[in-house]
Amino acid sequence: QVQLVESGGGLVQAGGSLRLSCVASGSIFSINYMGWYRQAPGKQRELVVGITSGGNTNYADFVKGRFTISRDNAKNTVYLQMNTLKPEDTAVYYCNVWVGPGPGLYTAYWGQGTQVTVSS
């Protein structure tokens, strides 16, 4: 069993910054992928950015140049640095982690979600 604990959400003004953290613990064999998704009220959950075990990243167009994902393998932690926040960034942000022994044998886990609210 793997647990993901998120933190760092809150209320900020437009143009401000937040840093989200997601810590994985439990029965971790290998983490292949860590990423961030978000979901606004009445909208579908969408990918924000992901990072592979090799360090490759994939950012959604709407956050390129503003958000940065990073990971600390020793701490099983992934971060999302969010700068120049906009009101449309308001959503619940979820950490997503793939854990398993190899390709095709991974299990996905989700964090509890953390609320990010950007005021105008």
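**Group meeting: contacts, strands and rings in a predicted model**

Glycine 113 sits in the loop between β10 (107-110) and β11 (114-119). Helices (H or I, at least four residues) and strands (E, at least two) are DSSP runs, numbered from the N terminus. What we have is a predicted model, where local features need pLDDT of at least 70, side-chain atom pairs count only at pLDDT 80 or more, and totals for chains, interfaces and linings use all residues. Residues are numbered from 1 along each chain as its sequence is written, and side-chain values use heavy atoms, with hydrogens and water left out.

Back to glycine 113. At 17% relative accessibility, glycine 113 counts as buried; buried means under 20% relative accessible area, exposed over 50%, and partly exposed in between, with a 1.4 Å probe and protein chains only. Leaving aside neighbours within four places in sequence, glycine 113 is in contact with Glu6, Val92, Tyr93 and Tyr94, where contact means heavy atoms within 4.5 Å. Glutamine 39 is 74 residues from glycine 113 in sequence, and the C-alpha to C-alpha distance is 9.5 Å.

Next, aspartate 89. Aspartate 89 belongs to the loop between β8 (77-82) and β9 (91-99). The relative accessible area of aspartate 89 is 0%, so this residue is buried. Which side chain does the side chain of aspartate 89 make a polar contact with? That of arginine 38, at 2.9 Å. A polar contact here is a pair of N or O atoms within 3.5 Å; within protein, one must be able to donate a hydrogen and the other to accept it, and residues adjacent in sequence count only if both atoms are side-chain atoms. Not counting residues up to four places away in sequence, aspartate 89 touches Arg38, Arg66, Phe67, Thr84, Val116 and Val118.

Methionine 34 is in strand β4, residues 31-39. Methionine 34 is buried, because its relative accessible area is 1%. Beyond four places in sequence, methionine 34 touches a list of residues including Cys22, Ile51, Ile69, Val78 and Val97. Methionine 34 and threonine 117 are 83 residues apart in sequence, and 23 Å apart in space, C-alpha to C-alpha.

Now strand pairing. Two strands pair if DSSP finds at least two bridges between them. Strand β1 (residues 2-7) and strand β3 (residues 18-26) run antiparallel and are joined by six bridges. Valine 5 has valine 23 as its bridge partner in β3. β3 is also joined to β8 by six bridges, again antiparallel, and arginine 19 has glutamine 81 as its bridge partner in β8.

Last, the rings. The whole structure holds two aromatic pairs. Tyrosine 33 and tryptophan 98 form a tilted one, 4.8 Å centre to centre with 40 degrees between the planes. Rings of Phe, Tyr and Trp (its six-membered ring) pair if their centres lie within 6.5 Å; planes under 30 degrees apart count as stacked, over 60 as edge-to-face and the rest as tilted. Tyrosine 33 is buried at 12%, while tryptophan 98 is partly exposed at 35%. The other pair is tyrosine 37 with tryptophan 110: the centres are 5.1 Å apart and the planes at 65 degrees, so the pair is edge-to-face.

Two arginines lie over ring faces. Arginine 19 is over tyrosine 79, 4.1 Å from the ring centre, and arginine 45 is over tyrosine 94 at 3.9 Å. The criterion is NZ of Lys or CZ of Arg within 6 Å of the ring centre and within 35 degrees of the ring normal.
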